[in-house]
Each structure stands twice: as structure tokens, then as C-alpha cells.
Amino acid sequence: MRYSRMPIEIESPEEMGYSNIRYNLAESSMRDLNLRDLNLDLNHLTLFYGEHKGLLKLREAIIQETTSLTPADVLVTTGAATALFIVSTTLLNSTDHLIVIRPNYATNLETPRAINCELSIIDLKFENQFSIDVEEIRKAIRPNTKLISITNPHNPTGKLFDTETIKQLINLAEEKNCRLLVDETYRDLNFQTALQPYFAGLSPNVISVSSVSKSFGAPGIRIGWLICRDEKLMHDFLAAKEQICLCNSVVDEEIAFHLLENKTVLLEKNHAHIRTNFANFKQWFEKQNYLEWIEPEAGVVCFPRLKAEYKLDAEKFYETLFTNYATIVGPGHWFERDKTYMRIGFGYPTLEELTIGLNNLHECLKMMAK
Ligand SMILES: Cc1ncc(COP(=O)(O)O)c(C=O)c1O
């Protein structure tokens, strides 16, 4: 394995220092919770090694709305990030091929690159409303294809792929005897539609990945999971986890359980916040002239781009936005796109921060886009 640091991590708000950023429109999550808000008593906890697959009641809570899954289909991991690492390193070696839909979460591209496997990238196009073309994926399949990798709801576009399209991909994976990875890290942030069951419930060829990081605003407890109905593969995933970390932090698991136990109430509150922010963001978007977008459908991010009639020194623009306006968004190169695309997060900021941050963005565009 040859590891490289990813721009999205090098330039992330936590690496820049949160206290330097006033208007943070770069995040893809809800505002971070404080442990105090949960009013949890953890005094009873014994700090032993936890069950290697993950705390049983936590695994039960994870699959609460997917009737075709059992706790044996769930492996708790240190965030979705580790789940994705386990999937890539277990399934792929340098003679294997995979297909990754881009843009994507950087790890979904970077770990296969570190393994040095054959990689086919299929880019979602703004002109096609960032839709998945199943036939394009079919054509990219090779005899050594082991994995097709998508994210849904999608980061950074906020696109929610229709279930029919994902079912076609599942059929394709079954037909070609490969796996479909559905990174569902944003599934609980579907603030406009009903919660879908995990796609892993539909076929043993599917691996679903998610976590409490984004929807609950709890990335600091590092609890995520992968779900798959293939018993043999789950055995291999567990072997990988045991070699990486043995088990999760029992403290983190208990907190994650509390979040999932109170999921309905917590998500109702979070969705109400997103809906208010999104309505205001949409009004702002419709009034400004510099950017065009495919309107997001789920999650808390979207991926607009500068209209073709404008030119922008993008590097200088992001620097000015930060130094003069204390505002950040996620530049396109985080997602291997032109820097005139930008990810704007509307769930993390308060309504006031969002309003001021968007005004700052507009002022900066007015000054620098020619
Ligand atoms: C699509 C996607 N998958 C996985 C992750 C990693 O999340 P976690 O904090 O659960 O490791 C992220 C984080 O940005 C993400 O956007």
C-alpha cells in the first residue's frame, strides 16, 4: 500500500482550526453535538474490550428499519471511513478492477489507488443532472471487476439516485458476480423524503456503509458500520477489523447507541433545521447570478459551479473568501473537479451564519468574477 494525503483532509476545517473560521459552509454534516446535550450517565461502563463485531444492541439499533437484515449482517467500525477502508482492502488487490462513480468521497478513490488496482472512473455530469448511466457502468465491466462504488445520497451533489437505478446496479453486480458498494453515510439526512431501508437488505452482493457522523453531528465518536448479507465476506471483514483495531471504543459505542435509540426525535429536529436553512439558501441561490446548480435532493450539501460566462482566479478567490470574509466553502478540487465548482454545506451553520456566509460569498464573487 502506498498512502497519499488527500486535499479534502489536508485543507479540512479541523486541520485549519475551527476557531479561524466564522462562516463554515464547507461541512457536509450537522453541527457537532456536545456530550453535555445528551445527558448521558456512562459511569456504569466497564472499559473492557468490546465485542469484536460491535455492541449487539447497537447493531440491532442500526438495522431497526430494514426487516431483511439481522445483527449478524452488521460490523461496527471506527467511522464510515474505516468501513470503506476495510471494504477496499478486503476485496481488492493490484490485479483487480473496480468502477468508481466520481465525484465521490475521496477515500473511495484513494484507497483503491493505494492498493494500485485497475480503476475505471465514471464522472457524473452536470449536463445530465449528475445522473448515473447504468449502461456506461455495464460497458466498463471487465472480467476482473470486483467492485462498483457509488455514494447515495450523494456527496457532494446532494443527489438522491432513484431506487430503480440502484436496483439495476444490484442486478448488474449479481449478473457479473461482483459487489456493489453503496456508501449511505448521508441516508438519515433525507430531509424531504421517507427513510429508505439499507440497500444491503436487497442482495448479498451489496455492501452498505454508514455512520453517526453526519446526521447526528457526532463525527468525534468515530462510529460507523458496514452491512452485508454475505456471511463469508462478513467473516473476512471481521478479520480485517481485528487486525486494524480489534474492537471499537466501548464509550463511543454506548454514545452511538443512545443516538440511534433516540433517532426519531433527534432526526426530526435536525431535518427541521435543514429545511429552514435550505429554504433560505434556495431563495439566495435564485437571486444571485454567478452560480448554477442541480438542486440538491437530500443531505446537506450541493455542488454548484460558476456560470460559463464568468472567469475567476479560483485559488485567489477561495483565499480572499477566507482571509477577508472568514468564510469557507469546499473547492472543486477536493472532488477532483475544476475549482470553479464548489461544495456548499447548508446543514452545519446556524441560519444566521448561513445567511452571512452566503452574503460574503456573493460579495466575493461580485468582486472577483469577471
Ligand atoms: C460519502 C462519505 N463517506 C464516508 C465519510 C466518512 O465519514 P465518517 O466520519 O463516518 O468516517 C464521509 C465523510 O465526509 C463521506 O462524505
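**Terms and their grounds**

Mentor: Let us begin with helix α9, whose buried residues are Met234, Phe237 and Lys241. The model is predicted, so local features need pLDDT of at least 70 and side-chain atom pairs count only at pLDDT 80 or more, while totals for chains, interfaces and linings use all residues. Residues are numbered from 1 along each chain as its sequence is written.

Trainee: Why are Met234, Phe237 and Lys241 called buried?

Mentor: A residue is buried if 20 or more other C-beta atoms lie within 10 Å of its own, exposed if 12 or fewer, and partly exposed in between, with C-beta atoms placed from the backbone. Met234, Phe237 and Lys241 are the residues of α9 in the buried class.

Trainee: How do you know on which side of α9 they lie?

Mentor: They cover an arc of only 60° around the axis, and therefore lie on the same side of α9; the arc is that of the directions from the helix axis to the C-beta atoms. In general, an α-helix has 3.6 residues a turn, so residues three or four places apart point the same way. The face turned away from the buried side of α9 carries the exposed residues Lys232, His235, Glu242 and Gln243.

Trainee: Against which elements do the buried residues of α9 pack?

Mentor: They pack against β2 (74-77), α5 (79-91) and β8 (224-227). Contact requires that the C-beta atoms of two residues, placed from the backbone, lie within 7 Å.

Trainee: What are the two domains of the protein chain?

Mentor: By an automatic or database domain assignment, the chain is divided into domain 1 (7-33 + 264-368) and domain 2 (41-262). Their centres, taken over C-alpha atoms, are separated by 25 Å.

Trainee: How many residues of each domain are in contact with the other?

Mentor: 30 residues of domain 1 are in contact with 30 residues of domain 2. On the side of domain 1 that touches domain 2, α11 gives the most, with seven residues.

Definitions and conventions. Helices (H or I, at least four residues) and strands (E, at least two) are DSSP runs, numbered from the N terminus.
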